[in-house]
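Colleague: I have a model on the screen and want to know what stands behind the labels. Can we go through them one at a time?
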Amino acid sequence: MTESASTQIWLPAGAISFALAVLLGTLALATDLPDGKVRSLARPAIAVLACLYAVYLPLKAQSLTEVPLAELPGAIRLVLLHTHDGAMWAVGMAGALAAAAAMARVGKLSMPTIAACLLPCLLAKAATGHAAELGLTSPFVWLHALHIGAGCGWAGSVCIAWLALRRRWYADAWPEAMTHRLSQFCAACLTIAAMSGIVNLWRLPGFASAGFGPYERWLAAKLIIATCAAGLGAWNRWHGVPLAARGHETARRALRATLAIELALLAAAILLAAILASTAPSM
Amino acid sequence: MTVLRSMRALRAFVCAAALLQAGGAWAHAHLQKQAPAANSLQEAPEQIRLEFSEPLEGALSRIEVVNASGAVISAARTSLDPASPKVLLLPLTALPAGSYTVNWNVVSVDGHRTRGSYRFTVK
């Protein structure tokens with residue numbers, strides 16, 4: 001038996017996760033961001049999310065059917081109407097469009113509304129890939145959606161905080177409330193991601209006795225990267241953020257640098273998660 | 001108090017994890033049973049029946065039967081067994097004596113393609 005790798009899919013899948021991350025990060029830090037910044041971040045992120053979904057469908061259809069380019073329209077129709085992947089794509093796209101509509105209609109940005117619209121995107125991601133056979137109603141899929149949401153929320157909030165400090169959105173005032181909220185939110189996300197990740201590992205077939213194939217190598221890489229990011233996050237929470245709040249310019253520069261490194265690590269972890277979703281575990 | 005709360009949270013997590021553990025395996029279709037059996041010598045079968053480890057996408061999964069000279073002899077459509085989304089069926093017309101190869105190419109619901117082949121002989 002051989003397996004066909006859907007290698008071209010992980011990049012748009014990872015990009016969708018990153019767009020979701022930026023949105024979740026914006027929502028998480030919204031109350032402490034300067035006026036206008038939330039809208040200017042969320043609007044393009046939602047537009048990019050919808051565009052990425054639009055690109056994802058033909059790529060996924062080509063990957064599933066292996067048809068030449070000329071037959072792609074028929075393959076897209078087949079995948080959309082007759083496969084689980086197609087149904088989950090529709091759920092995710094509906095979430096992205098609902099978020100866009102909510103953003104356009106609501107005069108003052110309604111964070112809970114947009115967060116609710118992103119729930120279908122997270123659920124659709126969770127129900128695609130290795131948990132596909134369980135269906136949307138499975139508690140495992142909801143837990144996996146929580147895992148994805150926590151990972152994306154962590155990466156997104158670090159991204160937004162780094163942008164805010166890097167671009168000096170707060171002029172000369174140090175955004176103590178924002179960095180404090182970042183610290184608390186990341187800690188919560190890390191706890192949720194770690195606990196749900198343990199359940200994911202537990203569900204791997206023959207986890208303890210499985211071989212060390214490509215899936216296990218990618219997984220090990222993701223775990224190492226996530227552990228390094230968690231270490232940086234912990235350093236920021238207990239050392240970097242309090243020191244920066246006391247007004248040390250060197251500490252503030254160091255915090256910006258560690259946030260940049262943490263963001264790079266989390267972006268790599270998101271891409272690795274997308275690769276894992278399209279790779280079979282060793283049996 | 002905090003320790004008690006943590007213990008409660010841990011207990012709830014373990015219970016939830018135990019509940020979820022019964023939910024199913026990680027998808028990716030592996031062939032588990034086949035009829036006719038691989039490398040068997042038998043009467044002409046009425047159908048090919050392949051059972052996989054995971055549910056399949058019926059619209060994207062195929063079985064093909066090829067005779068010894070390499071010609072495809074299966075004209076019927078492959079379909080999922082209505083009783084189980086893990087079972088793929090291909091009806092056959094009466095096969096003459098000879099050696100045959102079954103090529104299968106399936107997509108599991110997690111969107112991953114697996115393929116393989118095996119042989120049987122009709123006496």
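Modeller: Start with pairing: two strands pair if DSSP finds at least two bridges between them. Trp104(B) stands opposite Gly116(B) in S8(B). Keep in mind that this is a predicted model.

Colleague: How do you know that S7(B) and S8(B) are paired?
Modeller: Pairing takes at least two bridges. Ten bridges join S7(B) to strand S8 (residues 113-122) of chain B, so the two count as paired. They run antiparallel.

Colleague: What stands out in the hairpin of S7(B) and S8(B)?
Modeller: Five residues lie between the strands, and Gly111(B) takes a positive phi near 85° there.

Colleague: What makes S4(B) a partner of S7(B)?
Modeller: Again, count the bridges. There are six between strand S4 (residues 62-67) and strand S7 (residues 98-107) of chain B. At least two are needed, so the strands pair. Their direction is antiparallel. One example is Asn67(B), whose bridge partner in S7(B) is Tyr100(B).

Colleague: Why are S1 and S5 of chain B said to stand at the edges?
Modeller: Look at the order first. Four strands of chain B form an open sheet, S1-S3-S6-S5, with antiparallel pairing. Strand S1 (31-35) and strand S5 (79-81) each have a single partner strand, so one side of each is left without a neighbour in the sheet. The twist averages 30° from one strand to the next.

Colleague: How many bridges hold S1(B) to S3(B)?
Modeller: Four, and the strands run antiparallel. Gln34(B) has Leu50(B) as its bridge partner in S3(B).

Colleague: What is the make-up of each chain?
Modeller: Chain A has nine helices and one strand. Chain B has one helix and eight strands. Buried residues make up 46% of the 283 residues in chain A and 29% of the 123 residues in chain B.

Colleague: How do you know that the radius of gyration of chain A agrees with a compact globule?
Modeller: Set the two values side by side. A compact globule of 283 residues would have a radius near 19 Å; chain A has 20 Å, which agrees. The C-alpha trace spans about 60 × 50 × 35 Å along its principal axes.

Colleague: Which residues touch the most other members of the largest nonpolar core?
Modeller: Leu20(A), Leu23(A), Leu49(A), Val158(A) and Ala161(A), out of 84 residues in that core. H6(A) gives the most, with 16 residues. Ala161(A) touches Leu29(A), Met178(A), Thr179(A), Leu182(A) and Leu259(A), leaving out residues up to four places away in sequence. Another core lies apart from it, with 20 residues, among them Val79(A), Phe52(B), Ile63(B) and Val107(B).

Colleague: Why is Ala15(A) called partly exposed?
Modeller: Ala15(A) has 19 other C-beta atoms within 10 Å. Buried needs 20 or more, and exposed means 12 or fewer. The count falls in between, so Ala15(A) is partly exposed. Ala15(A) lies in helix H1 of chain A. Ala267(A) is 252 residues away in sequence, yet the two C-alpha atoms are 9.5 Å apart.

Colleague: What about Glu66(A)?
Modeller: Glu66(A) has 15 C-beta neighbours inside 10 Å and counts as partly exposed. This residue lies in the loop between H2 and H3 of chain A. Glu66(A) also has a positive phi, of about 60°, although it is not a glycine.

Colleague: How do you know that the length of H4(A) is close to that expected?
Modeller: H4(A) has 22 residues and reaches 31 Å from its first C-alpha to its last, against 32 Å expected at 1.5 Å a residue. Buried residues in H4(A) include Trp89(A), Met93(A) and Ala96(A). What covers the buried residues includes H2, helix H3 (72-82) and H5 of chain A.

Terms used
Residues are numbered from 1 along each chain as its sequence is written. Chains are lettered from A and ligands numbered from 1 in the order in which they are written. This is a predicted model: local features need pLDDT of at least 70, side-chain atom pairs count only at pLDDT 80 or more; totals for chains, interfaces and linings use all residues. The radius of gyration is taken over C-alpha atoms; the globule rule is 2.2 Å times the number of residues to the power 0.38. A nonpolar core is a set of buried Ala, Val, Leu, Ile, Met, Phe, Trp, Tyr and Cys residues joined through C-beta atoms within 7 Å. Two residues are in contact if their C-beta atoms, placed from the backbone, lie within 7 Å. Axes are lines fitted to C-alpha atoms, for helices over the stretch in contact, and angles run from 0 to 180 degrees between N-to-C directions. The expected span of a helix is 1.5 Å times one less than its number of residues.
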